[in-house]
Amino acid sequence: MSEFIWAGRLLAIHITEQAAADMQELPEAKLIAGVGIEGDRYATGRGTYSKKPQPERQVTLIEIETLEAIQRDHKIELPPVETRRNLLTRGVPLNHLVGKAFRVGEVELFGGRLNVPCVYLDKLLGKPLFGPLTNRSGLNCMITKGGVIRPGDAITPL
């Protein structure tokens, strides 16, 4: 049986220093194994779910294809910075990476669980996203090998 072969790209990196604050796009980021993205709310303990720590919340990815589908199918514009996710990808089958290891540039991640959409995002943005994001809200990951990542980095299976 042949394994599905894929390769994608990192399009953008976003962090915020605290819960509910605007996300900022970065030209590069340092990912720290077992901690998170340097300066991000979950690495510093100031995120919404920081009081309920889980290792797979160190970094969250979302597919540009999801944002394009929401625009096409629901006529809702969702810029990457509004998703509250850290890494924007293209060509990466995120839903299939639960329980799997993969690489983003020099960094290694482990897909912990699918991200679940929440009504909080609807309220924060004033957009009806809960339904459109169901089953495609991104992937929560653990950082197993840290390093620096930049937009344009390859994303590949391990």
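Student: Is Pro27 buried or exposed at its relative accessibility in this model?
Tutor: This is a predicted model, where local features need pLDDT of at least 70, side-chain atom pairs count only at pLDDT 80 or more, and totals for chains, interfaces and linings use all residues. Residues are numbered from 1 along each chain as its sequence is written, and side-chain values use heavy atoms, with hydrogens and water left out. Buried means under 20% relative accessible area, exposed over 50%, and partly exposed in between (1.4 Å probe, protein chains only). Pro27 has a relative accessibility of 66%, so Pro27 counts as exposed.

Student: Which residues is Pro27 in contact with, leaving aside neighbours within four places in sequence?
Tutor: Pro27 sits in the loop between strand E2 (24-26) and E3; helices (H or I, at least four residues) and strands (E, at least two) are DSSP runs, numbered from the N terminus. Contact means heavy atoms within 4.5 Å. With the neighbours within four places set aside, the contacts of Pro27 are Arg150 and Pro151.

Student: What separates the C-alpha atoms of Pro27 and Met142?
Tutor: Along the chain, these two are 115 residues apart. Between their C-alpha atoms, the separation is 21 Å.

Student: What is the handedness of the β-α-β unit made by E5, helix H2 and E6?
Tutor: E5 and E6 pair in the parallel sense over three bridges, with Glu63 partnered by Thr89 in E6. Helix H2 (residues 64-74) belongs to the unit along with these two strands. A crossover is right-handed if, with the strands pointing away from the viewer, the path from the first strand over the helix to the second runs clockwise. The unit here is right-handed.

Student: Which residue in E6 is the bridge partner of Ala12?
Tutor: E1 and strand E6 (residues 87-90) pair over four bridges, in the antiparallel sense. Within E6, the partner of Ala12 is Leu88.

Student: How many residues does the largest nonpolar core have?
Tutor: A nonpolar core is a set of buried Ala, Val, Leu, Ile, Met, Phe, Trp, Tyr and Cys residues joined through side-chain atoms within 4.5 Å. Those with the most contacts inside the largest one include Leu31, Phe102 and Ile149. Strands supplying at least two residues each include strand E1 (8-15) and strand E8 (107-114). The largest core's residue count is 23.

Student: How many disulfides does the count come to?
Tutor: A disulfide is a pair of cysteine sulfur atoms within 2.5 Å. Cys118 is in none, and the nearest cysteine sulfur, that of Cys141, is 17 Å away. Cys118 counts as partly exposed at 26% relative accessibility, while Cys141 is buried at 0%. The count of disulfides is zero.

Key:
Pairing = 2+ DSSP bridges.
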